[in-house]
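Good morning, everyone. Please bring the structure up on your screens, and we will walk through it together.

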Amino acid sequence: MDASSHDVLLVGGGAAGLRAAIAAAEVSPKLRIAVISKVYPMRSHTVSAEGGAAGVVKPDDSLDEHAYDTISGGDWLCDQDAVEVFVKEAPIELLQLERWGCPWNREPEGHIAVRAFGGMKKRRTWFAADKTGFHMLHTLFQTTLKYDPIARYDEWFVTKLLTDDGRVQGVVAIELMSGKIQAITAKAVILCTGGCGRVFPFTTNANIKNGDGMALAYRAGAPLKDMEFVQYHPTGLPFTGILITEAARAEGGYLLNKDGYRYLQDYNLGKPEPGPVLRSMELGPRDRLSQAFVKEDQQGRTIQTPYGSVVHLDLRHLGEKLINSKLPFVRELCLKYQNIDPLNELVPVRPVVHYMMGGVSTDLDGATPLAGLFAAGEVACVSINGANRLGSNSLPECLVFGARAGRAAARFAAEQKAPNGKVLTQAVDEERRLESQFLSKPDGGERISTIREEMQGSVESGAGIYRDQKALTRSAHKLQELQERYRDIRLEDHNRTFNTELEAALELGFMLDVAESIVECARARTESRGAHQRTDFPARDDGKFLAHSLVYRPAEGSCRVEYLPVKITRWAPGERVYGQTSKEQPEEVPTRRAS
Amino acid sequence: MNPSTAKPRPAYTEFHPRWYRPRVSVYWWLGEWQYLRFILRELSSVFVAAFVIATLLGLRALRNGPEAYARFLHRLQTPTAIVLSTISLFFVLFHTITWFNLAPRAMAIRLRGQRLPDIVIAAPNYVLWLVVSVAVGWLVLR
Amino acid sequence: MPDKTILEIARYSPEQDTNPHFQTYEVPVYKEWVVLDALNYIKDKVDGSLTYRWSCRMGICGSCGMMVNGEPKLTCATFLSSCGGHKIRLEPLRYFPVVRDLVTELSDFLLKLKKVKPWLIRRDTPPLSQGEFLQTPEQLVSYKQFSMCINCTLCYAACPVVGLDPVFVGPAAIALAQRYNMDNRDQGAGERMAVLAHPEGIWGCTFVGECTRVCPKHVDPAGAIQQYKLKAVLDWMKRLLPPSHSHKEGQGESLNR
């Protein structure tokens, strides 16, 4: 079998992966660094982030305030030492990106412009028009092109981590172009594969977000942390999952149920006025809006469509002039990607999964308990987001912890012996497994899409916005059944060249493992905190649960869930002022920059 | 296949020779209306050149005396010459209009942060063309 | 009962075929469905071996480009109902080698991107403590349009020069180079000019203009290339003048705090 070898291997080529690669290259130019990604780096899901990246730069702002906003927004489940490091390094990383050419929006005399963002009490969100993630990713990718030591494996799909002697020593990957299966050994592996939104049926996430890295680490024996915390955004298009920004509601849009009634008034969110009122009705906190939707749905008052149940966002009364000047992007997205014109049609919306707070458990330097394995970005859980992430914190998180993990992995690799040849036999075994389980298997009764859709439906009903013991247990059983049926999958594509059906089957396997961990952690946490809401345990329980859940993959039987206390340094847990800040900031300021 | 490193190395796999590489046909320009328009636009330069040559020949005929010039004019009035002249006129007009319309694409002139719209740069060309044509026409027809 | 339409899709597997052939599938037509949804329907329910790229489904990742009825398009932004008629023909992007079905080979494109040095080039690196390079909103606007490229390579499929002359660097690469040239923080215009003022660079372009027409992000690469040509000519003329007027490096010194 072919094999190649590197010092530091990045799995995933998004913001975290590329930033880590550059950081490792800057530690020592002699290091052999490689980025392996199942898509070309500029396709990574970082590219679709719109809002902005938070970093303290203005004189009236302070690191402590950013830290406090993050910790209270996270319902006190954030590790405060990690948050302190994060808020300190975020502006430095964002500035470094500016030095690399990122086109941040500017104030008239040329300084970086910042804007308000939901949950942040001060203006500290840097932004590049309404395509911040796009500009950040392309700046990072173009910058990596000038570092010769960074090699790239574009469109290689990692199927397994190679471990020996308690240490991760590389990966097994399929070169999609040719179908060749190869071992790539490395002294340190950093997972930067992003989140797992595709485990759910309604998500803003791209097709490639299947929790690959989480499942790889989980299967190798590393624990996953806080998997039950899944963030929903209350208004997304049901079919495509495209986000409809809160600006549409801030400008005066109404949310209507199937009777054309503004149902939010029944949920303690104020009285319906003709215009928008901050923190009331449609401008209530995100999680309250999502929860109201679920209750309406349970009472059969939502609209049923072939793409799931929805409510209607009504922008028609705002008029053409306002929509074209203040909400042009909303109109463009609806028209261009779902063929709906908000000027004269009702826009179907529903809560959609947006971000995964949980992930591979790491320390402040991205190191997991498994030697040689690091993680950074959405795939990791450090944790700075706790039970609920604030908007515009995830992009700087990729940069800060990507850089830290890159440097830590480079230092670790410099002290390691080369991986031993024993791992190559594991790679040969993996190749044989892929052959016999998928490629050469002649029969089988299940289609990939059937199992995937059933998994998504089950996870949404059991581990959705509201959870309870019965629904979670049902989900857990259903997932076990699906794991069995997964073994019976039949591929129609037996070619080696660019076999995307094999890729989909492997991704489904990853998603089933991740789904199992989400349901188990949700079952074990008998309290409600942040994004995890239990109808049978509606109160927050700091006595028992001011701790992260760590889930380990079972050798046999069910998963093991343990608890790791949250690190509190300076901010004692308090009451979480729901979602919005006391200073009445809308979540996303409805401005379109002149461009 | 080896990963892409600093030195660009051709990346071959077992199936590389059999990636499908369609040949671009010699008649590629007939495949699409936009391509045909482009080729006609480029071809118009031939007619512009022909027009310049005809003008030079006319000047030479003028210098050689009234009979030479009369012969030249006579040749211009044969049916073939008239047909060719009409076609040339069409192509020269086409050439001019496409040139004026495309010229602003090469010039990004900004006034107070906003880029000047193409028409602001194209229009003076048309105006100048009109003025010169009127002036020449008046001179010739006087 | 939804309407139906026929998709005629180019299929090719190097392991079995020497040439592509077409296979037809019937798919339902819904108002919200784009071509990509039809492809996903086929792959999920009808024929799992259909191979194509896609990711974000909202026109920002650039994965899903292919020829739809002979036009380079992003399939996530092309509604089935707008394709006209009862038959839609899908082929991989033109002028690229075809790996499989609708998947093209992009390594040549990436080499060309790297060739134009698409990163901020500076002679000096002031420490981060000095803060950001200043850039006014007007300076940002001057290159903003060229920074919107999503690397979807539709422009390469539209450009006949790319098809006829494989060493031509191509519209997206030159537009990206121009994006950095016009960034007031960059000091590498001279280095890029040395690479691009060549027949395989800007002078390979004959201003067909198709690249700009098909660009889904309105980057206007044709405009970028013509502006670059103008600049190249002006630079060359300046070099003919006596040394005191010779061209200064970069767009003017970057403003630093």
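**Strands, helices and chains**

Let's start in chain A, where strand β11, residues 230-236, is joined to β15 of chain A by five bridges, and the two run antiparallel. Before going on: this is a predicted model.

Stay with that pair. Look for A:Tyr232, which stands opposite A:Val353 in β15(A). β15(A) also pairs with β14 of chain A, residues 308-314. That pairing is antiparallel too, with three bridges. Here A:His312 has A:Pro348 in β15(A) as its bridge partner.

A quick reminder on sheets in general. Strands pair through backbone hydrogen bonds, either parallel or antiparallel.

Next, another sheet in chain A. This one is open, has three strands, and runs in the order β3-β5-β4. The pairing is antiparallel. Which strands stand at the edges? They are β3 (53-54) and β4 (114-115) of chain A. Each has a single partner strand, so one side of each is left without a neighbour in the sheet. Between β3(A) and β5(A), residues 125-126, there are two bridges. For a place to look, find A:Ala54: its bridge partner in β5(A) is A:Thr125.

Now a helix. α1 of chain A takes in residues 15-27, which makes 13 residues. At 1.5 Å a residue, it should span 18 Å. The end C-alpha atoms are 18 Å apart, which agrees.

Is this helix enclosed or open? Of its 13 residues, 11 are buried, so α1(A) is largely enclosed by the rest of the structure. The buried residues include A:Ala15, A:Gly17, A:Leu18, A:Arg19 and A:Ile22. Note that A:Arg19 is on that list.

What do the buried residues of α1(A) pack against? In chain A, the strands are β1 (3-11), β2 (33-37), β6 (150-154) and β9 (180-191). The helices are α4 (132-144) and α10 (394-414).

On to the core. The largest nonpolar core has 271 residues. Which of them touch the most other members? A:Val8, A:Val189 and A:Ile190 do. By element, α14(A) gives the most to this core, with 13 residues.

Zoom in on A:Ile190. Leave aside its neighbours within four places in sequence. Its contacts then include A:Val8, A:Leu10 and A:Val11. A:Ala20 is another of its contacts, and A:Ala20 is also one of the buried residues of α1(A). Further along the chain, the contacts of A:Ile190 include A:Gly366, A:Phe374 and A:Ala409.

Time for chain C. It has nine helices and seven strands. Its C-alpha trace spans about 75 × 40 × 30 Å along the principal axes. Of its 257 residues, 55% count as buried. Take the contacts in chain C between residues at least 6 apart in sequence: 67% of them join residues at least 24 apart.

The domain assignment gives chain C a domain 1 (3-104) and a domain 2 (107-251). How far apart are their centres? Taken over C-alpha atoms, 32 Å separate them. The contact takes 12 residues from domain 1 of chain C and 12 residues from domain 2 of chain C. On the domain 1 side, β3 (65-68) and β4 (71-74) of chain C are the elements that give two or more residues. That side has eight nonpolar, three polar and one charged residues.

So how do chains A and C meet? 47 residues of chain A are in contact with 47 residues of chain C. On the chain A side, the elements that give two or more residues are α3 (80-99), α4, α9 (328-338) and α14 (500-524). By class, that side has 20 nonpolar, 18 polar and nine charged residues.

Last, chain B. Its secondary structure comes to four helices and two strands. Along the sequence the pattern is α-α-α-β-β-α. Of its 142 residues, 6% count as buried. Among its contacts between residues at least 6 apart in sequence, 39% join residues at least 24 apart.

That's the tour. Thank you.

Terms used. Residues numbered from 1 in each chain as written. Chains lettered and ligands numbered in written order. Predicted model: local features only at pLDDT ≥ 70, side-chain atom pairs only at ≥ 80, totals over all residues. Expected span 1.5 Å × (residues − 1). Buried ≥ 20, exposed ≤ 12 C-beta atoms within 10 Å, placed from the backbone. Contact = placed C-beta atoms within 7 Å. Nonpolar A, V, L, I, M, F, W, Y, C, P; charged D, E, K, R; others polar. Core = buried A, V, L, I, M, F, W, Y, C linked by C-beta atoms within 7 Å. Domains from an automatic or database assignment. Pairing = 2+ DSSP bridges.
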